[in-house]
Amino acid sequence: MSAPLAGRRVLVTAGPTYEDLDPVRFLGNRSSGKMGFAVAAAAVAAGADVVLVAGPVHLPTPDGAHRIDVRSAAQMHAAVFSALPADVYVGAAAVADFTPAGVATSKIKKRPGEDGLTLQLVRTRDILADVAAHAARPRVVVGFAAETDDVDANARHKLAAKGVDVIAANRVGIAGSGFEGDDNLLVVHDAARSHRLGPDSKSAVATALVALIAGRLAQEMP
Ligand code: CTP
């Protein structure tokens with residue numbers, strides 16, 4: 001079997017993050033982690049040394065990957081930065097953009113007469129943008145864009161705004177693509193071009209994405 005990523009270190013994030021509100025509640029999202037886990041497995045199959053930083057998901061660890069489990073966006077940020085340096089970063093996790101301004105130490109109770117609750121949220125740090133701007137920036141930085149509308153335009157915007165090399169975009173909310181299914185269709189954008197991977201199983205799409213990353217890395221770090 002060919003091992004185009006032999007000797008390379010690949011850092012992958014996967015899954016959702018959970019942002020705690022109180023001891024029993026959190027804000028989360030519908031990411032299943034399947035795409036990121038498939039990318040980690042494909043990178044192992046390509047010979048890489050793989051670190052997988054996983055949000056709360058119930059998926060088996062791909063054979064040969066080193067897994068670090070986290071819960072919140074802040075924990076994921078810390079785990080990623082402690083796992084750097086790497087040759088490749090793939091940010092497949094659906095990281096919360098906002099987190100509660102504070103975590104209540106006791107369960108938030110409803111009070112008589114209260115017919116609403118306002119939560120104060122603050123921005124999380126953007127892990128992908130921070131990795132791309134880091135002094136020890138991985139040679140290839142790949143982000144994901146999960147979009148419901150204007151998928152390609154939003155993805156191309158993210159490429160520039162976050163300073164990354166590749167954005168893999170998928171449309172969420174339609175059958176056969178996105179968070180929960182076993183299949184996916186990605187449109188992969190770099191500065192020069194865009195092309196489709198799939199529709200196919202997440203495993204096949206991940207293998208194609210890893211081949212593309214390996215090709216890019218071989219050009220930049222022969
Ligand atoms: N991401 C990240 N840290 C965050 C938010 C997002 O690393 N705090 C990364 C994700 O892992 C993904 C990419 O950014 O690789 C795109 O995330 P997405 O939520 O689709 O886009 P946003 O940048 O949050 O933009 P918007 O909410 O406007 O779509």
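## Basis of the description

Helices (H or I, at least four residues) and strands (E, at least two) are DSSP runs, numbered from the N terminus. By that assignment, proline 199 lies in strand E12, residues 194–201.

The model is predicted: local features need pLDDT of at least 70, side-chain atom pairs count only at pLDDT 80 or more, and totals for chains, interfaces and linings use all residues. Residues are numbered from 1 along each chain as its sequence is written, and side-chain values use heavy atoms, with hydrogens and water left out.

## Backbone features

Two cis peptide bonds are described here, beginning with the one from leucine 84 to proline 85, where omega is near 5°. Proline 85 belongs to the loop between helix H2 (73–83) and E6. The other cis bond joins glycine 198 and proline 199, with omega about 5°.

Aspartate 150, a residue other than glycine, has a positive phi near 45°. Aspartate 150 is placed in the loop between E9 and helix H4 (151–161).

## The largest pocket

The largest pocket has a volume of about 780 Å³. A pocket is an open set of points on a 1 Å grid over the protein atoms alone, with protein on both sides within 12 Å along at least five of seven lines, and its lining residues have an atom within 4 Å of a point. Points are joined across faces, edges and corners, and a volume is the space filled by probe spheres set on them.

The lining of the largest pocket comprises 36 residues, of which Ala93, Ala94, Val95, Asp97 and Phe144 lie nearest its centre. Two or more lining residues come from each of helix H1 (34–45), strand E6 (88–91), helix H3 (127–132) and strand E9 (140–147). By class, this lining has 15 nonpolar, 13 polar and 8 charged residues (Ala, Val, Leu, Ile, Met, Phe, Trp, Tyr, Cys and Pro count as nonpolar, Asp, Glu, Lys and Arg as charged, and the others, Gly among them, as polar).

## The ligand and its shell

The ligand takes up the space of the largest pocket (more than half of its atoms lie within 2 Å of the grid points). Elements that give two or more residues to the shell around the ligand are H3 and E9; E9 gives the most, with 4 residues. Of the 16 residues around the ligand (a heavy atom within 4 Å), Gly91, Ala93, Phe144, Lys158 and Lys162 come nearest. The shell divides into 8 nonpolar, 3 polar and 5 charged residues.

A polar backbone atom of alanine 93 is 2.7 Å from an oxygen atom of the ligand. Threonine 124 places a polar side-chain atom 3.2 Å from a ligand nitrogen atom, and a backbone N or O atom of arginine 125 lies 3.0 Å from a nitrogen atom of the ligand. The protein covers 76% of the 570 Å² of accessible area that the ligand has on its own (Shrake-Rupley method, 1.4 Å probe).

Definitions and conventions
On a 1 Å grid over the protein atoms alone, a cavity is a set of points where a 1.4 Å probe fits but cannot get out, and a pocket is an open set with protein on both sides within 12 Å along at least five of seven lines; lining residues have an atom within 4 Å of a point. A polar contact is a pair of N or O atoms within 3.5 Å; within protein, one must be able to donate a hydrogen and the other to accept it, and residues adjacent in sequence count only if both atoms are side-chain atoms.
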